[in-house]
Amino acid sequence: MGLKVAVVGSGPAGSSAAEILAKAGIETYLFERKLDNAKPCGGAIPLCMVDEFDLPPEIIDRRVRKMKMISPSNIEVDIGSTLKDEEYIGMCRREVLDGFLRDRAAKLGAKLINGTVYQLDIPDSDKDPYTLHYADHSKGEAKGEMRTLKVDLVIGADGANSRIAKAIDAGDYNYAIAFQERIRLPEDKMAYYEDLAEMYVGNDVSPDFYAWVFPKYDHVAVGTGTMKINKAIIKNLQAGIRARAAKRLEGGEIIKVEAHPIPEHPRPRPLRGRVVLVGDAMGTVTKSSGEGIYFAAKSARMCAEVIVETSHNGQKVPTEDDLKIYLKRWNKKYGATYKVLDILQRVFYRSDASREAFVEMCADIDVQKMTFDSYLYKTVVPANPFTQLKITAKTIGSLLRGNALAP
């Protein structure tokens, strides 16, 4: 008998894992609770993801080539002059992106199950299978028909509120709330956002993150993120971004309101036995930028590649030690990135003074180029020592001018 794997959750993480497993001929079950789910999300993806994950042009709603960083005092800094003609940040609707990745995995052989996984039974022996208890919604019933499935290995890709994480006692993590409104604008207002995205910082729009206006297919996503989990606070912050962007949103019609938790750091124990977490379930969202889509998909792909490798294309069942190879590779490749972005968030989002310094720093061409290169290609291109010294000096100078280094 060959290896049987259950992937719980079919967002960018789950579908990317299922695709790699199915390509290798491994018996793969891909669970999705809601096939038409439109997850609240800024929807930005880096250029490297388009090529790396072979995404067709129709998946990208907008190609953003210009950014405006807007400080607490409404100083605007234009970013994007360093981009080459063919470079852009992709803007997607999650229902479109997720649907494409899920369908591709299914076409390659993953067995798609429209079901809600409620329970995972952990076996007593490291040889026995895991049992998933789930409600099958394939007949269109909300409650669904209760079923079970036995598998050799489970990938938890079921988001910030992961049931799989709870089943293996993966540990808790702090999380932020992303809240956004989709707003359809008049044609003249939408034309302004044709290839432009805006990021606003300030206590009025978020005490610990940023707010955004991101262009989509026929509307803009206007939202904010914060770790202050309080409905009244979130409502006030959303009112803050609506007020700051008011002139550009005149005549707009709200077509959807969305909210979703975003993990703020990795879970302490993302692996137990033959159950492993990826994406938001593991906690792969970055600090500072709040980027989640690429790292979710990448973590899942790396995990699936290790499963294919260590199982010899499904001929044997990987052990916990085999799966640890994935976590070691992930930490080696991206550990430093997460640490740097964590430091940046602590320094630049701590007060309005530090946010003013952050926006001032973004006006520097060297900073812009380094930032875009690292975002678009996920590789920090080392500047020459003189440029690095110059960026460091400008950073400290900006912080000092804004009294942002004061305790």
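Me: How do the axes of helix α1 and helix α8 lie to each other?

Reply: Two packed helices are described by the angle between their axes and the distance between the axes. Here the axes of α1 (residues 12-23) and α8 (residues 293-310) come within 7 Å and cross at roughly 30°. That makes α1 roughly parallel to α8, a term for angles under 35 degrees. Axes are lines fitted to C-alpha atoms, for helices over the stretch in contact, with angles from 0 to 180 degrees between N-to-C directions. Helices (H or I, at least four residues) and strands (E, at least two) are DSSP runs, numbered from the N terminus. The model is predicted, with pLDDT of at least 70 needed for local features and 80 or more for side-chain atom pairs, while totals for chains, interfaces and linings use all residues. Residues are numbered from 1 along each chain, and side-chain values use heavy atoms, without hydrogens and water.

Me: Which residues make the contact of α1 and α8?

Reply: Contact means heavy atoms within 4.5 Å. Among the residues involved are Pro 12, Ala 13 and Ile 20 of α1, and Ala 300, Arg 301 and Val 308 of α8.

Me: In which order do the seven strands of the open sheet stand?

Reply: Strands of a sheet pair through backbone hydrogen bonds, either parallel or antiparallel. In this mixed sheet the order is β6-β5-β13-β14-β15-β12-β16. Strands β6 (76-79) and β16 (253-263) are at the edges with a single partner strand each, so one side of each has no neighbour in the sheet. Pairing requires at least two DSSP bridges.

Me: How many bridges join β13 to β14?

Reply: Four bridges join these antiparallel strands; Gly 202 has Ser 206 of β14 as its bridge partner.

Conventions. Angles under 35 degrees count as roughly parallel, over 145 as roughly antiparallel, 65 to 115 as roughly perpendicular and the rest as oblique.
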